Amino acid sequence: MGLSVYASRDHAVQCAQQYPRIGNKIARLSLPPMSGKILETDGGFDSHNTWWKTQEFDPLSAALVVAIL
């Protein structure tokens with residue numbers, strides 16, 4: 001299962017506003033190579049990507065909340 005991530009903060013905010021059930025926080029992640037695979041995918045915004053994290057990687061250790069809607 002992949003997770004939608006955005007290269008653009010503005011696109012992440014727009015998506016969160018469009019789908020409020022996903023939550024109200026926008027976080028910036030620093031994804032090292034051992035965090036998994038990421039691929040540009042079509043998700044309604046140009047900066048949409050899908051990220052498949054490795055089982056070992058803890059995304060909370062790499063996350064910094066940058067916006068609360």
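Ala, Val, Leu, Ile, Met, Phe, Trp, Tyr, Cys and Pro count as nonpolar here, Asp, Glu, Lys and Arg as charged, and the others, Gly among them, as polar.

**View 1. What lines the largest pocket of this predicted model?** By those classes, the lining splits into 18 nonpolar, four polar and three charged residues. That makes 25 lining residues, with Ser 4, Val 5, Tyr 6, Ala 27 and Leu 29 lying nearest the centre. The pocket's volume comes to about 800 Å³.

**View 2. The elements around the largest pocket.** At least two lining residues come from each of β1 (3-6), α1 (9-18), β2 (25-29), β4 (48-53) and β5 (63-68). The top contributor is β2, which puts five residues into the lining.

**View 3. Asn 24, in the loop between α1 and β2.** Buried or exposed, or something in between? Asn 24 has 33% relative accessibility, so it counts as partly exposed, since that class runs between the 20% and 50% cut-offs. Setting aside neighbours within four places in sequence, Asn 24 touches Ala 67, Ile 68 and Leu 69.

**View 4. Stepping back to the whole chain.** One helix and five strands run in the order β-α-β-β-β-β. The C-alpha trace spans about 30 × 25 × 20 Å along its principal axes. A compact globule of 69 residues would have a radius of gyration near 11 Å, so the chain's 12 Å agrees. Of contacts between residues at least 6 apart in sequence, 60% link residues at least 24 apart. Buried residues account for 26% of the chain.

Notes
Residues are numbered from 1 along each chain as its sequence is written. This is a predicted model: local features need pLDDT of at least 70, side-chain atom pairs count only at pLDDT 80 or more; totals for chains, interfaces and linings use all residues. Side-chain values use heavy atoms; hydrogens and water are left out. On a 1 Å grid over the protein atoms alone, a cavity is a set of points where a 1.4 Å probe fits but cannot get out, and a pocket is an open set with protein on both sides within 12 Å along at least five of seven lines; lining residues have an atom within 4 Å of a point. Grid points are joined across faces, edges and corners, and a volume is the space filled by probe spheres set on the points. Helices (H or I, at least four residues) and strands (E, at least two) are DSSP runs, numbered from the N terminus. Buried means under 20% relative accessible area, exposed over 50%, partly exposed in between (1.4 Å probe, protein chains only). Contact means heavy atoms within 4.5 Å. The radius of gyration is taken over C-alpha atoms; the globule rule is 2.2 Å times the number of residues to the power 0.38.
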